[in-house]
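Here are my notes after a pass through the model you sent. Have the structure open while you read.

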Amino acid sequence: MIDGRHRFRPEQRLRTGAQYERVYKQGARAGDGVFQVHALPNGLAHARLGMSISAKTVGNAVNRNRVRRLIREVFRYECHLMPPVDVVVTSRPGARGATREQRLDSLLRQMKLAIRKAATDTSRSAAQADRPRPAPAPPNPVEPAPPEQD
């Protein structure tokens, strides 16, 4: 039996299309020929996972479910080490011919890279927000034109 720390609980899942869309549009991404991973800080106390595994890139239902189980397994064992981020894993065409070890290696590498990028993007955004903006320059006084003499 899986202990409580390594369960994939409902609150750890991305559920709505809007949640996926937010991660796709605003998140940092990392990818190779096997997986593409998007990550975005979520402001919660825990990480969440979403998956997009297509038949076109992986194959039939048996293979798709095998890839999903691998992704969930990696997430369950790594999520307590992750910062609070939303992670979306998408399969790429190289996933079809990859072995389990190649998929596992790719997934771990891309998840770590995307999470690291998301953390640096957030800190960069926060640093830019905290940076004082220069005061606007005072308007140039217009010199009055000399009076015309006739």
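1. Let's start with burial: of the 150 residues in the protein chain, 33% are buried. Keep in mind that this is a predicted model.

2. Now the layout. You'll find four helices and four strands in the protein chain, and reading from the N terminus the order is α-β-β-β-α-α-β-α. As for contacts between residues at least 6 apart in sequence, 80% of them join residues at least 24 apart.

3. Take a look at His38, which sits in strand β2 (residues 35-41). Is His38 buried or exposed? Its relative accessibility is 6%, and buried means under 20%, so His38 counts as buried.

4. What does His38 touch, leaving out residues up to four places away in sequence? The list is Val23, Tyr24, Ala28 and Arg29, plus Asp86, Val87 and Val88.

5. Next, helix α3, which covers residues 61-78, 18 residues in total. From first C-alpha to last, α3 reaches 26 Å, close to the 26 Å expected at 1.5 Å a residue.

6. Which residues of α3 are buried? They are Val67, Leu70, Ile71, Val74, Phe75 and Arg76, so Arg76 counts as under 20% relative accessible area along with the others.

7. Asn60 caps the N-terminal end of α3, with a side-chain oxygen 3.2 Å from the backbone nitrogen of Val62.

Conventions:
Residues numbered from 1 in each chain as written. Predicted model: local features only at pLDDT ≥ 70, side-chain atom pairs only at ≥ 80, totals over all residues. Heavy atoms only, no water. Helix = DSSP H or I, 4+ residues; strand = E, 2+ residues; numbered from the N terminus. Buried < 20%, exposed > 50% of the residue type's maximum accessible area, 1.4 Å probe, protein only. Contact = heavy atoms within 4.5 Å. Expected span 1.5 Å × (residues − 1). Polar contact = N/O pair within 3.5 Å; in protein donor to acceptor, adjacent residues only side chain to side chain.
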